[in-house]
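Here are some notes to read alongside the model.

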Amino acid sequence: MKSITVFCGSSFGSEDIYKEQAALLGKTLAKNNIQLVYGGANVGLMGAIADGALDEGGRVMGVLPYFLQSKEIAHKKLTELILVETMHERKTKMNELCDGVIVLPGGYGTLEEFFEMITWAQLGLHQKPIGILNIDGFYNDLINLVQNMVDKGFLKQINRDMLLISDTIDELLEIMINYKAPTVGKWISKDEV
């Protein structure tokens, strides 16, 4: 993998470990010569992961809608900042620029981005690994919910297995590097879109 998109909060959250792990993930990506693609902001976990990668000499590409740049949250030290019109255009561009996705703690926006990427994978629109870095059990309830979707017949196990989970950075990256996507999409192929 040469480029990973990270979705994460624009806040730091209530525990120091979230910021520490975000910065460490940025550093780890840089040390492994993996470009970071993220939302382009200098606040919260977004700023921490970018700073971590930049501190190690990593390449960091931000994708930010114009309306957020005008609120002066754009990170000023990125390798490159791509400005787009809409939030949907942002996700599409971030998907185009990466070989995989990692989700860190965050709020509604982070979950929306994550679920769109995993849904696109389920539909066969891409075959990229989608990983959750489950820092301090942050996503335990979500993981249980996804398993409940399987148990109650709303999600197939093969699609549940597309979601890669670890509480350590190195293990998650290893799982992602070795990931093989399912050979069948849910209903459509990328050519049919």
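Before the helix pairs, one definition: axes are lines fitted to C-alpha atoms, for helices over the stretch in contact, and angles run from 0 to 180 degrees between N-to-C directions. This is a predicted model, in which local features need pLDDT of at least 70 and side-chain atom pairs count only at pLDDT 80 or more, while totals for chains, interfaces and linings use all residues. Residues are numbered from 1 along each chain as its sequence is written, and side-chain values use heavy atoms, with hydrogens and water left out.

1. **H4 and H5.** Helices (H or I, at least four residues) and strands (E, at least two) are DSSP runs, numbered from the N terminus. Helix H4 (residues 87-96) packs against H5 at an angle of about 55°, and their axes are 11 Å apart. The two are therefore oblique to each other; angles under 35 degrees count as roughly parallel, over 145 as roughly antiparallel, 65 to 115 as roughly perpendicular and the rest as oblique. On the H4 side the contact (heavy atoms within 4.5 Å) uses His88, Arg90, Lys91, Thr92 and Asn95, and on the H5 side Glu112, Glu113, Glu116, Met117 and Trp120. By class, that contact of H4 with H5 has two nonpolar, three polar and five charged residues. Here Ala, Val, Leu, Ile, Met, Phe, Trp, Tyr, Cys and Pro count as nonpolar, Asp, Glu, Lys and Arg as charged, and the others, Gly among them, as polar.

2. Is glutamate 116 buried or exposed? Glutamate 116 is buried, with a relative accessible area of 17%; buried means under 20% relative accessible area, exposed over 50%, and partly exposed in between (1.4 Å probe, protein chains only). Leaving aside neighbours within four places in sequence, Glu116 is in contact with His88 and Lys91. Glycine 109, also found in helix H5 (residues 108-122), is partly exposed at 42%.

3. **H1 and H2.** These helices pack at an angle of about 35°, with axes 7 Å apart. H1 contributes Tyr18, Lys19, Ala22, Ala23, Leu25, Gly26, Lys27 and Ala30, which meet Leu45, Ala48, Ile49, Gly52, Ala53 and Asp55 in H2. The residues of this contact of H1 with H2 divide into nine nonpolar, two polar and three charged.

4. **H1 and H8.** Helix H1 (residues 16-31) also packs with helix H8 (residues 169-177), at an angle of about 50° and with axes 10 Å apart. That makes H1 oblique to H8. From H1, Gln21, Leu24, Leu25, Thr28 and Leu29 meet Ile169, Asp170 and Leu173 in H8. The residues of the contact of H1 with H8 comprise five nonpolar, two polar and one charged.

5. **The core.** A nonpolar core is a set of buried Ala, Val, Leu, Ile, Met, Phe, Trp, Tyr and Cys residues joined through side-chain atoms within 4.5 Å. The largest one has 57 residues, of which Val6, Ile49, Ile102 and Leu104 touch the most other members. Helix H2 (residues 44-55) gives the largest share of this core, six residues. Not counting residues up to four places away in sequence, the contacts of isoleucine 102 include Val6, Phe7, Leu25, Leu133 and Met176.

6. **Leucine 36.** This residue lies in strand E2 (residues 35-38) and counts as buried at 0% relative accessibility. Beyond neighbours within four places in sequence, leucine 36 is in contact with residues including Val6, Leu29, Ile49, Ala53 and Arg59.
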